[in-house]
Amino acid sequence: MKKKITLVLAAVCVCASLTACGGSSDSTSAPGTEAAPATETVTEAATSAPASGITIASTETWGDITVGIPDGWKFRKGDAFDENDTRYCSVKKSDFSYFDIKMETEDVMKKQYEYNKNTYTNEQIDVSGKVGEIDWTGFQYSDGWGGYGFELYATASGKPVRVSGCGFKFDSPEAKAVLESLKIK
């Protein structure tokens, strides 16, 4: 009986740590930051992101965010609280490997970033650099079981944007492909 309880507790801890890759619980807009109307999916011919070698199968536009979706991956509009919120979207390889893209107010972005920086401290290193059209600042961390994640923020087209990556290093081919394709209107 003790072994079963221990295994269940271990499984819960693993699931909780893998799914806790920096989300935002703020689903309200600050004055003057109303979400743009949603736009339809734009599918382009498959292309390869030059630096990554990852094939981008389609491009999705959601609000002010346009991002490439690697072959076999999925695009999720909105967030867990509101699937119609055009300030949030995800590019997902799996439930445990994804990139959450968030357009928050600058104040919310900084608070969430600092919270995550103080939470995900295992093997944490600062990262920065221009990927695609955006100059990123952030940090990378380890989940303690051989997996990685990162948290980035930037200002693109005069708007604050934050990306939470779970399951990838900042310099991984997958991160390069998605970040190179990211455009903010």
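This is a predicted model: local features need pLDDT of at least 70, side-chain atom pairs count only at pLDDT 80 or more; totals for chains, interfaces and linings use all residues.

Reader: Which residue stands opposite Tyr98?

Author: Strands are DSSP runs of E with at least two residues, helices are runs of H or I with at least four, and both are numbered from the N terminus. Two strands pair if DSSP finds at least two bridges between them. Here Tyr98 stands opposite Cys166 in S10. S6 and S10 pair in the antiparallel sense over 5 bridges.

Reader: In what order do the 7 strands form the open sheet?

Author: The order is S4-S5-S6-S10-S9-S8-S7, with antiparallel pairing. Strand S4 (74-77) and S7 are the edge strands, each pairing on one side only. From one strand to the next, the twist averages 20 degrees. H2 packs on this sheet and touches S7, strand S8 (134-142), S9 and S10. Contact means heavy atoms within 4.5 Å. The direction of H2 makes about 25 degrees with that of S10; axes are lines fitted to C-alpha atoms, for helices over the stretch in contact, and angles run from 0 to 180 degrees between N-to-C directions.

Reader: How many residues of strand S2 are buried?

Author: A residue is buried under 20% relative accessible area, exposed over 50% and partly exposed in between, with a 1.4 Å probe and protein chains only. In S2 (residues 55-62), 6 of the 8 residues are buried. S2 is joined to strand S3 (residues 65-70) by 6 bridges, and the two run antiparallel. They form a hairpin with 2 residues between them, and Gly63 in the turn has a positive phi of about 65 degrees.

Reader: Which residues other than glycine have a positive phi?

Author: Most residues other than glycine have a negative phi, and most peptide bonds are trans. Among those with a positive value are Glu123, at about 50 degrees, and Ser157, near 55 degrees. Glu123 is found in the loop between helix H2 (106-119) and strand S7 (125-131), whereas Ser157 lies in the loop between strand S9 (148-156) and strand S10 (159-166).

Reader: How many aromatic pairs are there?

Author: A pair of aromatic rings is described by the distance of the centres and the angle of the planes. Rings of Phe, Tyr and Trp (its six-membered ring) pair if their centres lie within 6.5 Å; planes under 30 degrees apart count as stacked, over 60 as edge-to-face and the rest as tilted. By this rule the count is 9. One of them joins Tyr113 and Phe139, with centres 5.4 Å apart and planes at 65 degrees, so this pair is edge-to-face. Because Tyr113 lies in helix H2 and Phe139 in strand S8, the pair ties together parts 26 residues apart in sequence.

Reader: Is Phe139 buried or exposed?

Author: Phe139 counts as buried because its relative accessibility is 0%; Tyr113, at 7%, also counts as buried. The rings of Tyr120 and Tyr141 have centres 4.8 Å apart and planes at 15 degrees, so that pair is stacked. Tyr120 and Tyr141 are both buried.

Conventions
Residues are numbered from 1 along each chain as its sequence is written. Side-chain values use heavy atoms; hydrogens and water are left out.
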